[in-house]
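Here is a short briefing to read alongside the model. Please keep the sequence and the 3D view open as you go.

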Amino acid sequence: MAIVLRITHDGSHEYLDITKSLKPLTFGRSEDCDYTLANDGCSGTHLELALKTNQITVKDLDSKNGTILNNKKITRDRLYVDDILQIGDAYIELHTDSLTTIEKETFRNRRTIVDQSAGQLTIPDISRSKKNKEKLVDDDKKRHGFNELTNITDIAKPNISEFIKNKKKKAD
């Protein structure tokens, strides 16, 4: 499908398809930017957003008020599903309705999450990730008409020494 950003400002949404972006996109107040934000909290050239293989990177371009990602000021980071990027009073996020199941998994947040209310470090649930990958494989098998997938590692491997003994017996 498409990788689309949802940009929210003054209660309205705009959508920007970045799927075919070959170069990093700049955001800011200046009309020289790829995407112009009419926003007092935004610098002339505020940030750069780049779509690379399986990742979206965000880089603050020494903006006056900074770039906020999930309520934390950043200079450089990645953008994942459910992240909220803030520039002044504009908000940017991945529009998940435009993503395929595989893209959602690709851009799923894998950061270690700090639970601020409890002050504890929590690690993302790896078993959930494994279940999602298994579901993706099952979906692909159904789509391509396979009822079961042969696991090559389950095939019995010949014992080389027995093979040599059998060959010598036949030669004698």
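The notes below go from the whole chain to its sheets, loops and cysteines.

This is a predicted model, in which local features need pLDDT of at least 70, side-chain atom pairs count only at pLDDT 80 or more, and totals for chains, interfaces and linings use all residues. Residues are numbered from 1 along each chain as its sequence is written, and side-chain values use heavy atoms, with hydrogens and water left out.

**The chain as a whole**

- The protein chain has three helices and 13 strands; helices (H or I, at least four residues) and strands (E, at least two) are DSSP runs, numbered from the N terminus.
- Of its 172 residues, 31% count as buried, where buried means under 20% relative accessible area, exposed over 50%, and partly exposed in between (1.4 Å probe, protein chains only).
- The protein chain exposes about 12400 Å², and carbon and sulfur atoms supply 50% of this area; accessible areas come from the Shrake-Rupley method with a 1.4 Å probe, and for residues only the protein chains shown count as cover.
- Among contacts in the protein chain with a separation of 6 or more, 38% join residues 24 or more positions apart, a contact being heavy atoms within 4.5 Å.

**Sheet and hairpin**

- An open sheet of five strands runs in the order β4-β3-β5-β6-β9, with mixed pairing; two strands pair if DSSP finds at least two bridges between them.
- β4 (35-36) and β9 stand at the edges of this sheet with a single partner strand each, so one side of each has no neighbour in the sheet.
- Within the sheet, β3 (residues 25-28) and β5 (residues 47-52) pair in the antiparallel sense over three bridges, and L25 has L49 in β5 as its bridge partner.
- β1 (residues 4-9) and β2 (residues 12-17) also pair in the antiparallel sense, over six bridges, with L5 standing opposite L16 in β2.
- Two residues lie between the strands in the hairpin of β1 and β2, where D10 takes a positive phi near 55 degrees.

**Loop residues worth a look**

- D62 is found in the loop between β6 (55-60) and β7 (67-69), and its phi is near 55 degrees, a positive value in a residue other than glycine.
- With 76% relative accessibility, D62 counts as exposed.
- D82, in the loop between β9 (76-78) and β10 (85-87), has a positive phi of about 75 degrees although it is not a glycine.
- D82 is exposed as well, at a relative accessible area of 67%.
- S98 lies in the loop between β11 (90-94) and α1 (101-106), and it is buried, with a relative accessible area of 9%.
- The side chain of S98 reaches two backbone oxygens: that of A2 at 3.1 Å and that of H95 at 2.8 Å.

**Cysteines**

- A search of the whole structure finds zero disulfides, a disulfide being a pair of cysteine sulfur atoms within 2.5 Å.
- C33 is buried, with a relative accessible area of 8%, and C42 is buried with a value of 2%.

Notes: A polar contact is a pair of N or O atoms within 3.5 Å; within protein, one must be able to donate a hydrogen and the other to accept it, and residues adjacent in sequence count only if both atoms are side-chain atoms.
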